[in-house]
Amino acid sequence: MRVLVTGGAGYIGSHTLIELMAQGHEVCVLDNYTNATPAVLTRVRALSNGKIADFKGDVRDPAMLDRVMQDFAPDAVVHFAGLKAVGESQQKPLTYYDVNVGGTLALLHAMDRADCRKIIFSSSATVYGEPDYLPYDEAHPTRPASVYGRTKLMAEQVLTDWATAAPDRSAVILRYFNPVGAHASARIGEDPKDIPNNLMPYIAQVAIGLRQALTIYGDDYDTPDGTGQRDYIHVVDLARAHVAALDYTCKTCGARPFNIGTGQSYSVIDMVRAFERACGQTIPTQQAPRRAGDIAAMQANPARARAELGWQATHDLDAMTASTWAWQSANPKGYDAC
Ligand code: NAD
Ligand code: UFG
């Protein structure tokens with residue numbers, strides 16, 4: 001299939017390009033490079049030995065979208081382009097609604113004009129909010145606690161209404177749990193521009209000497225060791241979920257959400273210990289109070305994705321930490337050195 005990948009130069013998008021091309025799909029990227037560099041696509045091309053059409057532009061720009069639709073004529077769209085920092089979303093709510101909801105609306109309008117009827121959307125486990133029960137299944141109530149989470153839920157609602165308003169439309173909503181890890185080549189990986197908000201890139205930067213110590217936010221949660229638990233998923237498994245979702249859109253109409261996680265969860269201390277095994281060093285840590293807005297534990301029930309998409313995660317925790325360390329140690333300054 002011909003697949004337009006918005007935000008394809010980003011962390012998850014770049015890994016997904018490789019998996020899509022490996023399955024024979026033709027790909028095209030639309031990215032405005034607010035959180036990426038064109039060097040990513042150079043590396044993806046080298047890794048996959050494939051052609052990638054690319055456009056520099058904003059997903060909210062109708063003229064740019066029409067140009068991409070006309071030049072590339074996609075059969076389907078994978079929509080990664082968006083803003084993802086929870087803290088920043090509280091400071092800049094209108095920017096987040098504009099990019100994450102407005103961008104999705106603009107994209108769907110352009111798809112309608114081009115008669116493109118299949119979309120896969122990057123949503124987040126954060127749409128669930130404080131759990132009534134764990135693991136979350138897709139029927140769990142949705143009550144996101146941040147602006148970011150609300151933009152994702154709103155975009156899900158827009159996609160669902162779009163997909164059900166006419167026959168032959170298909171929207172697959174993938175609710176990612178916590179993506180970590182890097183491609184086995186160590187040529188692409190996560191490259192946060194500022195101080196990392198997320199656990200795994202922070203630990204990796206401590207290990208490489210860019211930061212002094214990991215701050216552990218909270219040791220008094222109702223979890224076995226008192227630190228927060230999450231369902232970490234290897235980014236290559238996550239990328240493959242998009243390939244499975246693409247096949248699914250060819251067989252189905254309407255909208256459907258899927259949890260994309262492993263079904264296992266690990267604490268902050270588990271992650272530190274696993275990273276220490278991978279890098280052979282001790283990771284210095286310091287204790288701090290809970291981070292505002294954090295919940296104790298999150299865990300996916302991925303049964304629906306297994307049954308209906310035929311997808312399940314195959315990489316374990318050691319594969320996640322080893323590939324993160326391989327990427328970080330081979331690229332201490334990320335893509336900056338390019
Ligand atoms: P990322 O920032 O690495 O990738 C997003 C890409 O979109 C970047 O290349 C950026 O330059 C581009 N972009 C941003 N705004 C754009 C715009 N207006 N027009 C065109 N391009 C634009 O993030 P990621 O981690 O790869 O996440 C991809 C998607 O998955 C996002 O929608 C994010 O909200 C979602 N998601 C991420 C996580 C996570 O922890 N990484 C978890 C759940 C969901
Ligand atoms: N943590 C620390 N120290 C840090 C960073 C994180 O102790 O420096 C802890 C957090 O308190 C939490 C755990 O590590 O207990 C994971 O935190 P992350 O920031 O890595 O991940 P979150 O679960 O908070 O959020 C991430 C993304 C969201 C996404 C969500 C999906 O940032 O965008 O996963 O589950 F929605």
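By class, how many nonpolar, polar and charged residues does the shell around ligand 1 have? In this predicted model, that shell has 12 nonpolar, 10 polar and five charged residues.

Begin by selecting ligand 1 together with its surroundings, which come to 27 residues, the closest being Asp-31, Asn-35, Phe-80, Lys-84 and Tyr-148. Then turn to the polar atoms, starting at the backbone, where a polar atom of Gly-10 lies 3.2 Å from an oxygen atom of ligand 1 and a polar atom of Ile-12 lies 2.8 Å from an oxygen atom of the ligand. For a side-chain counterpart, select Tyr-148, whose side chain has an N or O atom 2.8 Å from an oxygen atom of ligand 1.

The last stop is Val-3, which lies in strand β1, residues 2-6. Val-3 counts as buried because its relative accessible area is 0%, under the 20% cut-off. Select the residues in contact with Val-3, leaving aside neighbours within four places in sequence, and the set includes Leu-20, His-25, Val-27, Phe-72, Val-78 and Leu-246. Finally, draw a C-alpha to C-alpha distance from Val-3 to Val-29, which are 26 residues apart in sequence and 8.7 Å apart in space.

How values were computed
Residues numbered from 1 in each chain as written. Chains lettered and ligands numbered in written order. Predicted model: local features only at pLDDT ≥ 70, side-chain atom pairs only at ≥ 80, totals over all residues. Heavy atoms only, no water. Near = heavy atom within 4 Å. Polar contact = N/O pair within 3.5 Å; in protein donor to acceptor, adjacent residues only side chain to side chain. Nonpolar A, V, L, I, M, F, W, Y, C, P; charged D, E, K, R; others polar. Helix = DSSP H or I, 4+ residues; strand = E, 2+ residues; numbered from the N terminus. Buried < 20%, exposed > 50% of the residue type's maximum accessible area, 1.4 Å probe, protein only. Contact = heavy atoms within 4.5 Å.
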